[in-house]
Amino acid sequence: MSHRLRYRQVHLDFHTSPDIPDIGEAFDAEHWQRTLRDARVDSITCFATCHHGHAYYDTRVGQRHPHLRFDLLRRQFDASKAIGVNVPIYLTAGINDWAAAQHPEWREIDHTGKHTGWAASRLDPGYKKMCFNTPYLDLLCEQIEEVTTLFPDHDGIFLDIIMQGPCCCDACLRGMHETSLDPADEADRHRYALRVLDTYFERTTAAVRAHRPDAPVFHNSSHVTPGQRGILKHFSHLELESLPTGGWGYDHFPFSARYATNLPHDVLGMTGKFHNTWGEFGGFKHPNALRYECAAMLAHGTKCSVGDQLHPNGKLDGSTYQLLGRAYAEVEAKEPYCDDARNMADIGLLSAAAFEEMLFGHGQGHPADTGASRLMLEAHFLFDVLDAEMDFSNYRLLILPDTIPVDDALFAKLAAYLDRGGRLLLTGVSSLNETATASRFDLGAALHGFSEFEPDYAVFRDGLRPDFTDSPHVMYRRSVRLEPTAGESLGDVYDPYFNRTYRHYSSHQHTPPRPEPSGFATGVRHGPITYLAHPLFTLYAAYGSVAYKQILTRSIRLALGAPPTLETDLPSNARVTLTHQPDRRRFVLHLLYANQLRRGDDVPHPGSSNRPTYPLEVVEDLTPLHDVRVTLRGLEGTGWTLDAPFADAAPALTAQDDTLRIRVPRFAGHELLTLTPNA
């Protein structure tokens, strides 16, 4: 069931301590409406219950906040609806302090006997994690049904903190014994947690739709993990929580979006107005950061949501909504260029995370995915992120980064893809057996297992090696011993003299390479398949070496076999996407650039109850780029018209055969260009 989202949403947190007085007393419907209108907000998620466990409406199931004297949610809801603003309703799910105080036996407990969540110790300030295998789930479903009955014209139910750890509370221990699972076995605890989550999804979704079968619902765990398709039947849409300064960074969202927009759901991107992360009062990111982040959501095919936190007095903060209004004015103007736009992609990147079983909400990304996505963004390749169930047929190249196992079903699908003219790039142990002595594909090489050395060194052949060195380059992860037979070698591996141990070591880090090559190759190309013997995407995620970037970029170009659809001279920290609006017969080119600076650090503050500090990426300046060149190839159509509805300076277009060359004199932050064929 798909739900059509609006473009300009606010997610209005309201986690409010029972020790704060006068809750909502400054709420004024006219001020609320004026603030939302001026900020161009068209949807606002308001709270029925919060992590402290209190309700902000007239409840018979839970407990209203002790210092709230009226139905705040009803006032917010009615004021918003009166001006045409949608109101999804938020309920806390995975954590609930009020319920934990009433029933401590409902809390989640790990196998060591400790409580999980923000507050493992009784002296820790923070929320209490609940177990969905206890009567707490009954309470939650009652609250959901109560809210959906009182607010039947809501615009969605947002359920938060949907995580179930391998719990060992009394209820879970009983459940494991009754289903012949061993609580002492980590794998069995994991299996049982998955069953508990399945029950959660079934019951809460049914509660949302008990009186309205078409009711939208979203279960939030901050991350949509590729491959977890079994739960998607319980979602009406997807929301991608990704606050760049909240620990996610600026490269997390594009990866999530490139996957989620290939699913049959409308997708909402989510950032925050905060300088760092959720729960920050009085913290504001620079207006340019919010403008850039909203533009990035549009460019990657999602709607926009910005997180805010309402003051306990119930009054929206003027500075926040002035900040938001600048960004949302631009979003509003650009919406027609984003409706029903599909991403154009040469390359399908199979997600490593999609092939690893994990609990929903546990795991914020795989290093191979991080490295691959970062590389594709920086090298300006057009790509999608895929799982094994998606359609491969539209991609010129599929990349299987570092750790992808290939079972019989995936092998058959990939073999059919190759038969239709597709190409593969494999790295690390992707497609290999457990001993790295065989691949599911004919690599044109003999495999001799894993190298005994870590690290080793590589000299790639001309055309693949980095610009700035011909010497053996250190490769910090173990390689596969590869001996080309029918395939074309991509370079030589050099072994160190020995591994670093207490018995023998050399210098500060690792042992230097022997002067002669080992006899094994760095990679091989055989027909439509290119294979690299090191886990280079994981290496790039871990070390960020420019040499790794150049090797991977050139290897991808080699594997593609022909020039990509898009090439540009944008700097590596700029971003580019190309979308297609078939109903409007046009292509939309998005160029993004912001100067991202590393600010903040891990600075100890003994005795403080503040959250620990950490390095974060901050956008302050939208520095203009000048004379940007973009080349596009192979787009269907002739006689092109270029339009730049928001440009400071008119771009130029030249067309020859199937090649379009665009020159953008200047842009700052986000440039949106349309290309329309005359025939």
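Trainee: What volume does the largest cavity have?

Mentor: Rolling a probe the size of a water molecule over the atoms shows where empty space is left. Here a cavity is a set of points on a 1 Å grid over the protein atoms alone where a 1.4 Å probe fits but cannot get out. Grid points are joined across faces, edges and corners, and a volume is the space filled by probe spheres set on the points. The largest cavity has about 180 Å³, and the structure holds eight cavities of 30 Å³ or more. This is a predicted model, in which local features need pLDDT of at least 70 and side-chain atom pairs count only at pLDDT 80 or more, while totals for chains, interfaces and linings use all residues. Residues are numbered from 1 along each chain as its sequence is written, and side-chain values use heavy atoms, with hydrogens and water left out.

Trainee: Which residues are the closest to the centre of the largest cavity?

Mentor: Lining residues have an atom within 4 Å of a point. There are 18 of them in the largest cavity, and Pro244, Tyr250, Phe253, Pro254 and Ala296 are the closest to its centre. Helices (H or I, at least four residues) and strands (E, at least two) are DSSP runs, numbered from the N terminus. At least two lining residues each come from α7 (252–260), β9 (266–272) and α8 (287–299), and α8 gives the largest share, four residues. As for class, Ala, Val, Leu, Ile, Met, Phe, Trp, Tyr, Cys and Pro count as nonpolar, Asp, Glu, Lys and Arg as charged, and the others, Gly among them, as polar. This lining has 10 nonpolar, five polar and three charged residues.

Trainee: How many nonpolar, polar and charged residues are in the lining of the second largest cavity?

Mentor: That lining divides into five nonpolar, seven polar and four charged residues. The second largest cavity holds about 120 Å³ of space. Of its 16 lining residues, His3, Leu5, Gln9, Pro88 and Asp155 are the closest to the centre.

Trainee: Now the sheets. In what order do the eight strands of the open sheet lie?

Mentor: Strands of a sheet pair through backbone hydrogen bonds, either parallel or antiparallel. Two strands count as paired if DSSP finds at least two bridges between them. In this open sheet the order is β7-β6-β5-β2-β1-β10-β9-β8, with parallel pairing. At the edges, β7 (217–220) and β8 (237–241) each pair on one side only. Inside the sheet, β5 (residues 89–92) and β6 (residues 157–160) share four bridges, and leucine 91 stands opposite leucine 159.

Trainee: Are the residues of strand β23 buried or exposed?

Mentor: In a regular strand the side chains alternate between the two faces of the sheet. Buried means under 20% relative accessible area, exposed over 50%, and partly exposed in between (1.4 Å probe, protein chains only). In β23 (residues 529–532), Ile529 and Tyr531 on one side and Thr530 and Leu532 on the other are all buried.

Trainee: Why is strand β33 described as largely enclosed?

Mentor: Eight of the nine residues of β33 (residues 669–677) are buried, so the rest of the structure largely encloses this strand. Its antiparallel partners include β26 (residues 586–593), joined by seven bridges, and β30 (residues 640–643), joined by four.

Methods: 1 Å grid on protein atoms, 1.4 Å probe; cavity = no way out; pocket = protein on both sides within 12 Å on 5 of 7 lines; lining within 4 Å.
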